[in-house]
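Hello,

Please find the structure below, handed over for your own work. My notes on it follow.

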Amino acid sequence: AINFGIDKALKTLGVNAINEGTSTGSNCFSNGEIIESYSPVDGQLIAKVKTTTEADYEKVMTSATLAFKTWRTMPAPQRGEIVRQFGDKLRAKKEALGKLVSYEMGKSYQEGLGEVQEMIDICDFAVGLSRQLHGLTMHSERPGHRMYEQYHPLGVVGIISAFNFPVAVWAWNTALAWICGDVCVWKPSEKTPLCGVACQNIAAEVFAENNVPEGVCCLINGNYHVGAFMTKDKRIPLLSATGSTRMGKIVAQQVAGRLGKSLLELGGNNAIIVTPDADIKMTVIGAVFGAVGTAGQRCTSTRRLIIHESIYEVVKHALVDAYKQLRIGNPLDENNHVGPIIDTDAVKMYDDALNKVVEEGGNIIVEGGVLSGEGYESGCYVRPAIAEAAPNFEIVQHETFAPILYLLKYKGNVENAIEIQNEVAQGLSSAIMTNNLREAERFLSVQGSDCGIANVNIGTSGAEIGGAFGGEKDTGGGRESGSDAWKVYMRRQTNTINYTTELPLAQGIKFDL
Ligand code: UN1
């Protein structure tokens, strides 16, 4: 089989981890069981990575807490300079890392490159931010007093990331946390451990070149048992976790139980509303990329189309035609649009969802199915499917992490579509396709979409890093990436300074001795 330059990419990244365990360094102790990483692309074993035991974890935490003492005293713009260098290294290794992401996770090479681009973008953003960690100043009610607020680093930030964005989600968190003066302990998904090792190696190089203690960037490996070391650990004031709502609820409860903070990025059930005034061509592009991009495995993937009855048939046929053009196959081959989904467990969930929608009375208009034969040996390639469904179907309430799109019909005005869109438990991303100003503004208004992301004439996926990313309700309420998301990585302190020889009390209280 053609290798698509995988060997070269692994070499560039210094990660031929088969039989080698994990990367070295005092920030990365791993002596536990071995995780085997199989590529969904060709079913090959690509890495054996050792997991982190509880004893290893203690060593990691010692290294991290010690590193924090140094790192927090470095001026933020100097930390920014190190993040700038990290971004440069990512630029140099963009193709290699993009390829590994594609090979280990299964998204198209183009999207693998896009993911690394998001890492680079957040580094640039963080560099600028390192000179803008602003607090406010206030006027004191007392004469000769000054009041202001400042932001200090929190300490050790834990990051749990999911397989679908095996490198970018870590970078969104870590780049901001680093310039804020925090150190990070990262547990990547056990489904994409080699991506974690590759990132760790790139960061470790930059830190070594700058004589920064390596505990600023720590990696731990394993499944939720390893994640639980962090949820329970009082030394971790902030735990940022991306994954299922089920996982998020467990993390939220455990972290809240010790009064820690959590930043949650959980499931989405994202819809595009298509009104009678929609541009059909744009709708089709947005919907198809949203539904089949990353083989339907983005938190922001389009799962529901809420289409007005007057244009329902037109949109439906345009979609069916567009789906006929889709080429499913090796994601490293740039001729293909859709790669595999992550593993055979995911294939089973995809199958179950399709059966379920039929059971509930849905009508499949683009047939799904698992592909077999040459090029599909991993058993992870599935056909993107479209089903006509009703908004209240049980299966439509769920986020199935696979390329399944539900078509829902609405009647009357846009309020009815918004109601359907907001009916689900999740609240991540949403969009409306319309050239009607009233509809668009209604959708963005207080009576409109209840999601963290609401777009007009753009699909639900593919957000830029400059905005805050995250969602409401079962999506967990966290915000990361751009805007003022950095504030969650810092602790705020209010300072009042008296430069007089008197000690007047606030609220005019007299306390004469
Ligand atoms: C995710 O799926 O976990 O908006 C994040 C997007 C990407 C991020 C998705 N920028 O689709």
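Helix α10 covers residues 280–292, and its 13 residues should span 18 Å at 1.5 Å a residue; the end C-alpha atoms are 18 Å apart, so the two values agree. Please keep in mind that this is a predicted model. The buried residues of α10 are Thr283, Gly286, Ala287, Val288, Gly290, Ala291 and Val292. After α10 comes Thr294, with a positive phi near 50 degrees.

**Helix α6**

Helix α6 (residues 168–180) also has its length on record here: 13 residues, with 18 Å from the first C-alpha to the last, close to the 18 Å expected at 1.5 Å a residue. As for burial, 13 of the 13 residues of α6 are buried.

**Ligand shell**

Around the ligand are Glu118, Asn164, Phe165, Val169, Thr242, Arg298, Cys299, Thr300, Ser461, Gly462 and Ala463. Sorted by class, this shell holds four nonpolar, five polar and two charged residues.

**The β1–β2 hairpin**

Strands β1 (residues 34–38) and β2 (residues 45–50) run antiparallel and are joined by five bridges. Ile35 stands opposite Val49 of β2. The two strands form a hairpin with six residues between them, and Gly43 in the turn has a positive phi of about 75 degrees.

**Ser102**

Ser102 is part of helix α4 (residues 94–105). Why does Ser102 count as buried? Ser102 has 26 C-beta neighbours inside 10 Å, and the cut-off for a buried residue is 20 or more. Beyond its neighbours within four places in sequence, Ser102 is in contact with Lys107, Ser108, Tyr109, Gly112, Pro331 and Leu332. Pro40 is 62 residues from Ser102 along the chain, and their C-alpha atoms are separated by 9.5 Å.

**Annotation**

UniProt, in an unreviewed entry, places the feature "domain: Aldehyde dehydrogenase" at residues 33–494. In the model, the end C-alpha atoms of residues 33–494 lie 47 Å apart, and the span is 39% helix and 20% strand.

Regards

Note on methods. Residues numbered from 1 in each chain as written. Predicted model: local features only at pLDDT ≥ 70, side-chain atom pairs only at ≥ 80, totals over all residues. Near = placed C-beta within 6 Å. Nonpolar A, V, L, I, M, F, W, Y, C, P; charged D, E, K, R; others polar. UniProt positions renumbered as here; feature names shortened; annotations may be inferred. Helix = DSSP H or I, 4+ residues; strand = E, 2+ residues; numbered from the N terminus. Expected span 1.5 Å × (residues − 1). Buried ≥ 20, exposed ≤ 12 C-beta atoms within 10 Å, placed from the backbone. Pairing = 2+ DSSP bridges. Contact = placed C-beta atoms within 7 Å.
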